[in-house]
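This briefing concerns side-chain pairing and sheet architecture in one structure. Please consult the sequence and the model shown below.

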Amino acid sequence: MEFTPHFKRKRGNCKDFIKLAPFPPNSNGLRYQGVFNGLCVEVFNTEQNLIKTLHDNGCYGKGSNSRGGPISGESDESLLLGLEEACVLAYYLNILEIKDTSNKEIAWQAYVQAALEYDKEFVYKLAAYLYLKSKNWIIKSGIKFGGDFLIYKEGPRQFHASFLVLVHTSDVINHPHYVSKNLKGAQRVAETSDKDVLILRVNEQKDFDPALATPAALESLTIDETVIRRFNYTSFVQIKQK
């Protein structure tokens, strides 16, 4: 049976929503300014309301005072970027400048080291993030559903998430998601909100060291996809009868 992902559009006036670019504009060499606080990268508001532009074009981050994008209208609201999306914006797209709390710019290797202190799987999740982004998915955090990412067709405003994404490496023993009972629990959580579970297995070479990873070294990683969906015999028979 051919697999087709769920693309469930949200109700309301979202059909009239203007689809914006998947990446923020970078006219005249503009670079956003963010501060790495140990948990995420925080981009503060400006008179030009740049944080809303950054969020709307690709749905990056979430508002510090809002449920989704920075829409509270409060002057002190900032945009909170996840470690992976901030890394892509800063070191791949070159439209974000990340500084530490002492106002010093953070270079690639220093950022990777700091991110690994917070999340030892950061490099593998970054590779998975780049892989999903190359397929035009809109990517948000999946922590609310017990996963690593949620991925959307066009964005949370227009569609519900199609997949709950779990990232792991060949070292299955140290990945609790891949324990059968935990995987079954993740599947049940996903199914209650009409999502499928997508497992991305990141394969590395023997000499790969996450602490010394460079953008070029990440290109040596390969990723395998596995979709977990409970077999529905009734739907299968109906498809066959068409």
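Is Asp 56 buried, partly exposed or exposed? Asp 56 counts as partly exposed, at 28% relative accessibility; buried means under 20% relative accessible area, exposed over 50% and partly exposed in between, with a 1.4 Å probe and protein chains only. The model is predicted, so local features need pLDDT of at least 70 and side-chain atom pairs count only at pLDDT 80 or more, whereas totals for chains, interfaces and linings use all residues. Residues are numbered from 1 along each chain as its sequence is written, and side-chain values use heavy atoms, with hydrogens and water left out.

**Salt bridges**

- The structure contains four salt bridges, the term denoting a side-chain nitrogen of Lys or Arg within 4 Å of a carboxyl oxygen of Asp or Glu.
- Asp 56 forms one of them with Lys 52, with the closest N and O atoms 2.6 Å apart. Both residues belong to helix H1 (residues 50-56), where a spacing of four residues separates them by about one helical turn. Lys 52 is partly exposed, at a relative accessible area of 32%.
- Helices (H or I, at least four residues) and strands (E, at least two) are DSSP runs, numbered from the N terminus.
- Glu 105 is bridged to Arg 31, the closest N and O atoms being 4.0 Å apart. Glu 105 lies in the loop between strand S5 (96-99) and helix H3 (108-118) and Arg 31 in the segment before strand S1 (32-36), so the pair ties together parts that are 74 residues apart in sequence.
- Glu 105 is partly exposed, with a relative accessible area of 48%, and Arg 31 is also partly exposed, at 28%.
- Lys 125 and Asp 119 meet in a salt bridge of 2.8 Å, N to O. Lys 125 is buried at 17% relative accessible area, and Asp 119 is buried at 15%.
- A network of salt bridges links Asp 119, Lys 125 and Asp 148.

**Aromatic and charge-ring contacts**

- Eight aromatic pairs are found in the whole structure. Rings of Phe, Tyr and Trp (its six-membered ring) pair if their centres lie within 6.5 Å; planes under 30 degrees apart count as stacked, over 60 as edge-to-face and the rest as tilted.
- One of the pairs is Tyr 111 with Phe 122, which is edge-to-face at 6.0 Å centre to centre and 70° between the planes. This pair links distant parts of the chain, with Tyr 111 in helix H3 and Phe 122 in helix H4 (residues 122-133), eleven residues apart.
- Tyr 111 is buried at 0% relative accessibility, and Phe 122 is buried at 0%.
- Tyr 129 and Phe 149 form an edge-to-face pair, with ring centres 6.0 Å apart and planes at 65°. Tyr 129 in helix H4 and Phe 149 in strand S7 (residues 149-152) are 20 residues apart, and both are buried.
- One aromatic cluster comprises Phe 36, Tyr 91, Tyr 92, Trp 108, Tyr 111 and Phe 122.
- The charged end of Lys 195 sits over the ring of Phe 145, 4.3 Å from the ring centre; the criterion is NZ of Lys or CZ of Arg within 6 Å of the ring centre and within 35 degrees of the ring normal.

**Sheet**

- Five strands form an open sheet of mixed pairing, in the order S3-S4-S2-S1-S5. Strands pair if DSSP finds at least two bridges between them.
- Strand S3 (62-63) and S5 are the edge strands, each pairing on one side only.
- Strands S2 (residues 41-44) and S4 (residues 78-81) run antiparallel and are joined by four bridges. Glu 42 stands opposite Leu 80 in S4.
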